[in-house]
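Thanks for making time this morning. I will talk through one structure, and I will keep to what can be read from it.

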Amino acid sequence: MIRLERRPEPSRAWTVATPFVAVALTMVAGGLMFALLGKDPVEAIRTIFWDPLFGDFASYSRPQLLVKAGPLILIAIGLSLGFRAGIWNIGAEGQYILGAIFAAATGLAFYPAESWLVFPAMILAGALGGILWAMIPALLKVRFGTNEVLVSLMLVYVAEALLASMALGLLRNPEGMGFPGSRNLAQYPSAANLDLIPGTGLHWGVALALIAVIVGQVVMTRHQLGFRVRLAGQSPRAAVFGGVNPGWLIVVCMGISGGLAGLAGMFEVAGPAGRLGIDFNVGYGFTAIIVAFLGRLNPIGILLAGLLMALTYIGGELAQLQMNLPLAAIQMFQGMLLFFLLAVDVLTAFRFRMGRRAVA
Amino acid sequence: MTTPLLELSGLTKAYPGVVANSEVSFDIARGEVHALLGENGAGKSTLVKTIYGLVQPDTGQMRLDGKPFAPPEPRAARASGVAMVFQHFSLFDAMNVAENVALGMEEPPALNRLAQQIREVSNAYGLPLDPDRIVGDLSAGERQRVEIVRCLLQEPRLLIMDEPTSVLTPQEVNILFETLRKLRAEGVSILYISHKLEEIRTICDQATILRHGKVVGKCDPKTTAARDMAEQMVGATLSTPSRAGGRTGEVVLELTGLSAPAPRAFGTALRDIDLELRAGEVLGIGGVAGNGQDELAMALSGEMATAPGMIRFKGREIGREGVTARRHMGLLCAPEERMGHAAAPDMSLTENALLTAGPREDLVRHGFLRWGRAKGFAEKVIERFDVRTPGPGTAARALSGGNLQKFVIGREIMQRPEVLVVNQPTWGVDAAAAATIRQALLDLAEAGAALIVISQDLDELMEISDRFAALNGGTLSAPRPAQGLGIDEIGMMLGGAHDMAPAHGES
């Protein structure tokens with residue numbers, strides 16, 4: 001009989017190893033699934049993991065990797081802070097939308113004036129939009145004890161409705177022949193978020209995501225805020241005894257995650273997306289939750305997980321096009337990744353024991 | 001001679017890295033109160049869990065009534081007439097007494113019949129209990145009655161009691177002892193686990209002493225001196241903590257009419273507490289658990305805010321100051337619950353040093369943590385208080401209770417507090433470590449700090465306090481000099497038997 005036994009201390013080796021084991025298991029189980037669908041599993045896995053980087057169309061897909069990974073990492077870094085403290089901001093998607101609306105509105109307010117101030121003003125507005133949207137669940141929780149999971153999630157749908165209203169109303173392109181959607185900010189030089197090195201996909205948002213990883217790592221390991229976050233997540237009573245004000249921590253964590261999500265929305269609307277349309281948001285805020293956990297809520301881990309997740313998205317699209325794999329199969333493949341991660345995760349706190357119990 | 005009720009022979013149980021019981025053999029006679037003595041970690045719990053069917057021995061046998069007895073689970077033990085009252089109650093606060101009793105039974109009768117049975121049994125044994133009351137409103141002593149009555153309804157032949165008096169006032173202890181004597185007279189055997197030697201001398205007929213999992217002595221406690229038993233338990237001669245004597249200085253902490261609502265459901269509200277604490281003195285606060293100890297400690301540490309004007313530290317109003325600000329001033333606190341309150345279980349000792357020592361030991365600069373200094377401080381605490389651990393990188397959860405207690409108390413003492421509030425400083429700590437902690441507390445007072453020691457252990461309080469006060473229902477009695485205070489007076493200060501008039505005598 002196999003039994004699970006609690007380890008006296010969580011295993012450090014397994015903490016590092018679980019994502020790799022999970023990826024390996026996903027490849028095996030996913031390969032099996034592709035084989036059952038009548039596709040060559042090796043080719044499918046290669047199409048998903050290898051071709052986007054080194055295949056025939058790599059010159060197109062490689063920049064996409066950073067474009068997709070950038071917002072995922074930026075949002076996930078913010079979320080991981082709260083998640084570690086036991087503050088569950090599930091509404092990053094809404095904060096991302098609000099950041100984009102605020103930023104686009106700010107940029108469009110200056111249109112067509114050219115000034116170097118426009119872009120920084122949009123950055124500030126984007127962050128502010130995300131923060132304000134995150135403050136709604138934060139303050140409701142602090143003041144009335146509401147559940148931040150529900151409130152932040154519900155606000156995503158409010159944000160989507162707001163986005164539609166903006167795209168169809170206030171922010172609609174006056175020269176857009178009545179089609180929904182704003183002017184294209186990417187074609188407005190003062191507001192455009194262009195590649196820092198052309199053709200790489202490395203825009204300002206990606207650069208900020210990398211900075212966020214470094215700052216996040218420093219905060220978590222060397223700063224009091226990171227210590228308090230970990231403390232509050234592990235033992236709330238000890239945290240209060242250690243001088244942490246729970247309400248303050250909720251506001252700070254929600255504010256940071258909302259602000260970063262808002263920034264991600266700002267860089268998206270000013271760059272890759274260009275315009276604010278009704279279908280502007282594509283789920284980065286939700287996928288970032290998976291990225292945060294896949295990266296073990298650790299900044300470096302999130303960097304790798306964000307790149308990996310972006311890779312499966314791009315590779316998944318490629319596999320759909322080239323191998324006629326159904327979208328559902330690709331989504332299942334991505335779901336397996338989280339499933340195996342959580343399953344293998346058990347091994348950090350527990351270990352397997354073979355054999356019978358001493359005396360049954 | 002008749003066969004004993006329960007015979008244990010050669011019971012051995014090993015866990016990875018530790019032998020909990022090694023070749024334990026002794027007998028429990030019918031109608032005998034048998035004491036099981038030993039320090040924490042001596043193997044008492046494992047042994048009684050074996051008898052109760054929670055643990056299966058590696059080798060050795062038990063015989064009940066001369067017949068082999070090897071209960072695979074507690075249900076089988078209960079069916080054979082073995083019942084147990086645990087130290088930590090397994091009761092649901094939100095349910096009433098009868099419902100709680102029903103939850104512990106295999107086939108509970110209808111609730112109104114059960115309520116009738118509870119009334120009958122509890123009155124017959126002098127433990128009056130109202131089956132309709134909500135458990136959350138009961139005192140610790142009354143909760144214990146629920147557990148005892150639950151056992152008695154099963155008409156046990158052997159009743160195991162684990163540290164039954166740790167939550168009782170002296171008067172309640174007397175009521176309990178009357179009940180035990182009555183049971184003994186009916187031929188019920190009782191296995192009585194305790195480390196309070198005077199109680200054992202009062203109630204027990206036989207004693208078996210365990211040390212490091214082995215039986216190291218058997219004696220008749222009525223004729224053996226408490227000190228001899230203690231030294232057999234520890235395996236060494238004991239030294240009593242001592243201090244030069246009570247010079248006291250300025251008033252450092254002043255409570256005037258301290259009142260606060262209960263911070264959580266089934267908590268206790270603090271009511272109009274007045275107190276002056278002087279530098280260099282040790283104030284012992286006794287009382288049955290759940291009478292406001294946690295709440296008072298939290299109000300002093302700053303975890304619970306209080307209205308202005310109620311708490312003054314060296315003349316300064318601090319009711320609204322947070323935990324960190326109070327630490328800066330020199331008002332430190334060590335809570336009762338080690339895991340999850342005084343220490344974060346999954347964090348290393350270095351991180352747990354940072355938990356409270358940041359402000360006074362300069363472990364944080366401009367918001368950045370100084371890991372080197374924190375580690376150094378943790379190492380100093382480990383060394384000074386003889387904390388047995390591989391090093392400061394070890395997770396708090398990996399330490400034994402006593403070692404972690406030494407660490408969390410030591411952590412506060414090493415920060416040179418001006419006022420130190422400790423709640424249950426030696427709870428669950430073995431005798432040698434308890435002596436170390438008490439001595440360190442006395443040394444601290446000697447050096448001029450003011451101490452508030454909250455404890456359930458009256459012997460401990462009498463040993464180290466200059467003045468004694470009792471918490472009862474959230475109010476604090478006026479402190480009195482500890483010297484020469486009799487057990488009856490203390491009992492009265494603790495609130496007597498909490499209006500739970502015993503039914504002994506008339507039945």
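**Charged pairs, cores and the contact between chains**

I start with a charged pair in chain B: the side chains of Asp362(B) and Arg365(B) form a salt bridge, with 2.9 Å from N to O. Please keep in mind that this is a predicted model. Is this pair buried or exposed, or something in between? Asp362(B) is partly exposed, at 28% relative accessibility, and Arg365(B) is partly exposed too, with a relative accessible area of 41%.

Over all chains, the structure holds 28 salt bridges. I will show a few of them.

One of them joins Asp205(B) and Lys222(B), at 3.8 Å from N to O. This pair links distant parts of the chain, 17 residues apart. Asp205(B) sits in the loop between α7 (197-203) and β9 (206-211) of chain B, and Lys222(B) sits in the loop between β10 (214-219) and α8 (226-234) of chain B. Asp205(B) has 26% relative accessibility and counts as partly exposed. Lys222(B), with a relative accessible area of 40%, is partly exposed as well.

Another salt bridge is found between Glu379(B) and Lys375(B), at 3.5 Å from N to O. How far apart are these two along helix α12 of chain B? They are four residues apart in that helix, which covers residues 371-384, so about one helical turn separates Glu379(B) from Lys375(B). Glu379(B) is partly exposed at 35% relative accessibility, and Lys375(B) is partly exposed at 42%.

Arg438(B), Asp457(B), Glu460(B) and Glu463(B) belong to one network, joined by salt bridges that share partners.

Next, the contact between the chains. Chain A contributes 21 residues to it and chain B contributes 33 residues. The area buried between the two chains is about 2400 Å², and carbon and sulfur atoms give 59% of that area.

On the side of chain A that touches chain B, three helices each supply at least two residues: α8 (204-222), α9 (224-234) and α10 (236-241). The largest share comes from α9(A), with six residues. By type, the residues on this side of chain A divide into eight nonpolar, seven polar and six charged.

Now to the interior. In soluble globular proteins, nonpolar side chains tend to be buried together. Here the largest nonpolar core has 107 residues, and those with the most contacts inside it are Leu296(B), Ile452(B) and Phe468(B). Helix α14 of chain B, residues 431-446, gives the most to this core, with eight residues.

What does Leu296(B) touch, leaving aside its neighbours within four places in sequence? Leu296(B) is in contact with Leu255(B), Leu258(B), Leu270(B), Ile273(B), Ile285(B), Ile454(B) and Leu471(B).

I finish with some backbone details. Most residues other than glycine have a negative phi, and most peptide bonds are trans. Tyr111(A) and Pro112(A) are joined by a cis peptide bond, with omega about 0°. Pro112(A) is in the loop between α5 (92-110) and α6 (118-144) of chain A.

Asp272(B) has a positive phi, near 55°. Asp272(B) lies in strand β12 of chain B, residues 270-278, and is exposed, with a relative accessible area of 51%. Asp386(B) also has a positive phi, near 55°. Where is Asp386(B)? Asp386(B) lies in the loop between α12 and α13 (401-413) of chain B, and at 39% relative accessibility Asp386(B) counts as partly exposed.

Methods:
Residues numbered from 1 in each chain as written. Chains lettered and ligands numbered in written order. Predicted model: local features only at pLDDT ≥ 70, side-chain atom pairs only at ≥ 80, totals over all residues. Heavy atoms only, no water. Contact = heavy atoms within 4.5 Å. Buried area = accessible area lost by both parts, 1.4 Å probe. Nonpolar A, V, L, I, M, F, W, Y, C, P; charged D, E, K, R; others polar. Core = buried A, V, L, I, M, F, W, Y, C linked by side-chain atoms within 4.5 Å. Buried < 20%, exposed > 50% of the residue type's maximum accessible area, 1.4 Å probe, protein only. Salt bridge = Lys/Arg side-chain N within 4 Å of Asp/Glu carboxyl O.
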